[in-house]
Amino acid sequence: MIISEQIANELSIRPKQAEAAIKLIDEGNTIPFISRYRKEATGSLNDETLRALSQKLSYLRSLEEKKAQVISSIEEQGKLTKELRTAIENASQLVTVEDLYRPFRPKRRTRAMLAVEKGLRPLADIIFRQESEGRLKSIASSYITDDSTDSEKRVSSAEDAISGALDIIAENISDSSEYRTAIRRILSSHSLISSSLKNEKAREADEKSTFEAYYDYSESISKIPGHRVLAVNRGEAAGILNVSIQMPQEQVLSALERNIIRKNDPETSVLLKSAISDSFKRLIAPSLERELRNELTASAEDGAIAMFDKNLRQLLLQPPIEGKTVLGWDPAFRTGCKLAVVDPTGKVLDTAVIYPTAPHNKVAEAKRILNKLVSAYGVDVISLGNGTASRESEQIICEFIREYCPELRYVIVNEAGASVYSASALGTEEFPEFDVGQRSAVSMARRLQDPLSELVKMDPRSIGVGQYQHDMDQKKLSASLEGVIEDCVNLVGVDLNTASAQLLSYIAGINKTIAGNIVSYREVNGRFTDRRQLLKVSKLGPKTYEQCAGFLRIRGGKNPLDMTAVHPESYQAAEALLGLLGCSSESLTQNGISSSVPDSLDVKALAPRLGIGEPTLRDILSELKKPGRDPRDEMPRPILKSDVLCMEDLREGMELNGTVRNIVDFGAFVDIGVHQDGLVHISQMSDRYIKSPLEAVSVGDIVNVRVLSVDLKKKRISLTMKSRS
């Protein structure tokens, strides 16, 4: 099967869609560009499907390279048969190719090799085919070579000959792709993964009893969820747990015996059973245990990465709080709380440090400084980080609102990653005159004003919306998360005249160098007034322009279409459409052209007249109706608060609104405003059965929850989203 057909089958798309996408990728087009501007070619494949296609394409091409290497190696050995070549060429997985290559792979000297060097392969064939007819000992005796000067090639007895022959049989069984495939099927269905406490010293090392649930644990590998695989892996890496795969040995041996022992010959049957047992225990089981563990881990990582991807996507697409002056508050005890006032454009207006928390407790002074800042700059919202001293800071904020400014509101934001950014080279470059605390306060304000623009500055692994992210393949994780960020940035689009180099670097076709060059051009030549000016930027050629232009917005430029997602290649069609509808480009600078588009508009008939495809015309219409629209506007907005709630205030049955902060395999963590997120277990998320929390919630959702229980000692809150019975 050709690659495009295989990808089409796996992704449930048409072969022509796969062929078109592969061609566009090979031509150097980016995923966001293909997804947005090449819908006619791909049949409107979205960015997630295109990324999956790209990954499968890479895997299958690597597989083809591996097949070619294996065929070449076996051919050089003079052992390549027509049947073997066909089997390798038809293999659809790398593990199948490895199995077929196993008998021909260069090995270190094994017991079977030594037996072959002693000339015992014919004897092994006789035993395997059960052809000795009761004369095995006599036949084996003919292989005795006591007079050999090479001790390694000496066969001293019939028993020695038979033992060597069984070593050959055991290795042949182990090297058989047919047997290994059959064994894999059995192990995948009937094996258990088990873990136990390593020793009492390990119990002491597990101070918080993090892995207590796995001290004496086992579960079928066919049913174990990914988060438990990653948990036992972490416990093993920490030296707390012993982890192993419990295989159905008797079932495997019985299956092999049924396939291998064809005659009711007591003499050879006993020997073959011995060889089969030795092959499985010594050669097959250890390698397949490693393989099973690797597969479990890879599957768990893929699941965790997929969950991380969805969480990150939803976090990045949280709606911005536009037109608000925000005071960012980075809470702390000894070093004081850092404040930063940021205007609606993200510009820092002022900073301050106050000491309302222990050990200073300068509450009155802090309120005076706070009142001065709020009054001087017209602060609308306080954005409070949820880190150390956040609860104490929230109490001060609520008192301040009651005493000084009843109309003021505050929001608690997740400050994960802010400290990493504040101490980074990027943070230092952006605010060289600020210390890390002041940079963090600015970040608190900006991540409320425009989460996407601020969060792209952080390492996505530090944002706090994944699980076990530090225990998995970091290269694979980073690549996946970078793809999510790229998709989100291009979905929203960026303002060419205000975007940072970091944000610009995620636009399709633009790398960090070109992003820096765009900012430099802007600083030297002033704001961009036309998308075509991008072609004057150093190292930004026609191909890069084609990829990036549609995602870069210019507000108040020469051409109103530059503030939309309409690609310059479609400007002629867009202008022709405006003419047919009796509108002008100037209409776009007001409220769009929704009122001018008749309900009866025949898009299918109109598209050929404009020289574009139907999907492109629909996209253009959507843009012209709401020019400069922000897809994030459809997401739930953060809850603005004016009073405080603490864990001690919670009671069983209490109903609250909360914000979904993180989603994991077993449920979702919801911020209900008490500085300790509550857990809604997957079993409590819906009145119906659901397989994944993502069926019920997304990161950033505002949900109604009811308190099930509160454990003050362990700081655990159990919540439910189910309706009352």
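Begin with helix H16, residues 266–316: this helix lies across strands E1 and E3. Its direction runs at about 110 degrees to that of E3. Note before going further that the model is predicted.

**The three-stranded sheet**

Now select the strands under that helix selection. They belong to an open sheet of three strands in the order E2-E1-E3, and the pairing is antiparallel. Strand E2 (216–220) and strand E3 (241–246) are the edge strands, each pairing on one side only. From one strand to the next, the twist averages 15 degrees.

Which residue of E2 stands opposite Leu 192? It is Ser 220. As background, strands in a sheet pair through backbone hydrogen bonds, in either a parallel or an antiparallel sense.

**The barrel**

Next, select strands E11 to E15. These five strands form a closed barrel, running E11-E12-E13-E15-E14, and the pairing is mixed. On average, neighbouring strands here are turned by 50 degrees against each other, with direction ignored.

Zoom in on strand E11 (residues 655–664) and strand E12 (residues 667–671). They pair in the antiparallel sense over five bridges. Val 664 has Gly 667, in E12, as its bridge partner.

**Two crossing helices**

Move to helix H2, residues 15–26, and helix H5, residues 47–76. Their axes come within 11 Å and cross at roughly 80 degrees. Angles of 65 to 115 degrees count as roughly perpendicular, so H2 and H5 are classed as roughly perpendicular to each other. To see the contact, show side chains on both helices. From H2, the contact is made by Ala 18, Ala 21, Ile 22, Ile 25 and Asp 26. From H5, the residues are Leu 50, Leu 53, Ser 54, Leu 57 and Arg 61.

**Aromatic rings**

Colour Phe, Tyr and Trp for this stop. The count of aromatic pairs comes to seven. Take Phe 400 and Tyr 404: the ring centres are 5.0 Å apart and the planes are at 20 degrees, so this pair is stacked, the cut-off for stacking being planes under 30 degrees apart.

Tyr 404, at 38% relative accessibility, counts as partly exposed.

Two further selections use aromatic residues. Phe 33, Tyr 37 and Phe 551 form one aromatic cluster. At Tyr 355, the charged end of Lys 362 sits over the ring, 5.8 Å from the ring centre.

**The whole chain**

The C-alpha trace spans about 105 × 70 × 55 Å along its principal axes. The chain has 725 residues, of which 50% count as buried. Of the contacts between residues at least 6 apart in sequence, 66% join residues at least 24 apart.

Technical notes
Residues are numbered from 1 along each chain as its sequence is written. Side-chain values use heavy atoms; hydrogens and water are left out. Two strands pair if DSSP finds at least two bridges between them. Helices (H or I, at least four residues) and strands (E, at least two) are DSSP runs, numbered from the N terminus. Axes are lines fitted to C-alpha atoms, for helices over the stretch in contact, and angles run from 0 to 180 degrees between N-to-C directions. Contact means heavy atoms within 4.5 Å. Rings of Phe, Tyr and Trp (its six-membered ring) pair if their centres lie within 6.5 Å; planes under 30 degrees apart count as stacked, over 60 as edge-to-face and the rest as tilted. Buried means under 20% relative accessible area, exposed over 50%, partly exposed in between (1.4 Å probe, protein chains only). A charge sits over a ring if NZ of Lys or CZ of Arg is within 6 Å of the ring centre and within 35 degrees of the ring normal. Angles under 35 degrees count as roughly parallel, over 145 as roughly antiparallel, 65 to 115 as roughly perpendicular and the rest as oblique.
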